[in-house]
Amino acid sequence: FGGNYRDSIRVYLDLSSPKDLANLDEWRGLAAYSKTEGFTHIKFDIDYTAPDLTEDSWNRIITLPQMNRIVERISAVRDEVGWETEIAVDCHWHYDVVSAIALANELAHLKLVWMEDPTPATNPDALAEVRAKSPIPICVGEMFDAEQFRMFIDRRACDIIHPDVLFTGGLHETRKISDYSDLHYIPMAMHGNGGPVATIAASHVAAASPNFIGLEYHFQGAPWVEKIVHNEGSLFNDGYIQMTDRPGLGFDLDMDLCSKHLAYGETLF
């Protein structure tokens, strides 16, 4: 991909939300777990923060009771991890322009590193309005291809791009997207919900991209998942993936573990 800028790839954990949303100790527990494991960047899902207080799932607004609980619960996370850990929030395209701007202002005091996909992904002008009025950086693009990234970058609709190698068209296409965003001085985080193989594949793009800031990982609740690859040690080391000079993507599959967790009726070959 043109040479590496870094040998260690910073990973951020998507923690979504705890099982008992009303229990602030569970929010703090998720945050404390990530810190204990060495991760200094975490993310929570706004639409799973207080979903029981959504009055109408069609109108895209955030009710005042819902807003209050969102602020309370993300604040508990900030109190637990302190001010040296970066926290992001994901909105999954749920909200209208007014609600997205209000949410950003309500959460601004928590110094979030980004607010992700606050409005539906089909209208760059709407997101550009949110970005212009948001005190929190706007991140976008987990299902975009290169042309969509070009459109949102050109419309000044984002502060951070968020490509996923499984949706962009592959590793080389993601490098092209990275270069275009870097020409506009826009950093690149990387979306990831494809397990350790996709995570390691994406880490090669991350290593070769000067504007890379963090790579997402989801499966901290299922420790066996990261063990399906042998990457000269653990998949993560204090919140980072350590790159190697092994050929290809640089890992071997644990075929026995892969076989153990196959879906019913599936085979490896």
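Which handedness does the crossing of α7 and α8 have? Keep that in mind as we walk through this structure, which is a predicted model.

Start by finding the two helices. Helix α7 covers residues 171–183 and helix α8 covers residues 195–207. Their axes come within 10 Å and cross at roughly 35°, and the crossing of α7 and α8 is right-handed. If you show side chains here, you can see who meets whom: α7 brings L171, T174 and R175, while α8 brings A201, A202 and V205. Sorted by class, the residues of this α7 and α8 contact are four nonpolar, one polar and one charged.

Next, move to another helix pair, α3 and α4. Helix α3 runs over residues 97–107 and helix α4 over residues 124–133. The axes of α3 and α4 come within 9 Å, with a crossing of roughly 25°. Angles under 35 degrees count as roughly parallel, so α3 and α4 are roughly parallel to each other. The crossing of α3 with α4 is right-handed. On the α3 side, the residues in contact are V97, A100, I101 and N105, and on the α4 side they are A126, E129, V130 and K133. This contact of α3 with α4 holds five nonpolar, one polar and two charged residues.

Which residues of the largest nonpolar core touch the most other members? They are I74, L103, L107 and M190, in a core of 70 residues.

Finally, a word on the backbone. Most residues other than glycine have a negative phi. With that as background, where do S16 and H92 sit? S16 lies in strand β1, which spans residues 8–16. S16 is not a glycine, yet its phi is positive, at about 60°. The relative accessible area of S16 is 22%. Buried means under 20% and exposed means over 50%, so S16 counts as partly exposed. H92, for its part, is in the loop between β3 (86–90) and α3. H92 is not a glycine either, and has a positive phi of about 55°.

Terms used:
Residues numbered from 1 in each chain as written. Predicted model: local features only at pLDDT ≥ 70, side-chain atom pairs only at ≥ 80, totals over all residues. Heavy atoms only, no water. Axes fitted to C-alpha atoms, helices over the stretch in contact; angles between N-to-C directions. Helix = DSSP H or I, 4+ residues; strand = E, 2+ residues; numbered from the N terminus. Left-handed = near helix turned anticlockwise from the far one by under 90°. Contact = heavy atoms within 4.5 Å. Nonpolar A, V, L, I, M, F, W, Y, C, P; charged D, E, K, R; others polar. Core = buried A, V, L, I, M, F, W, Y, C linked by side-chain atoms within 4.5 Å. Buried < 20%, exposed > 50% of the residue type's maximum accessible area, 1.4 Å probe, protein only. Parallel < 35°, antiparallel > 145°, perpendicular 65-115°, else oblique.
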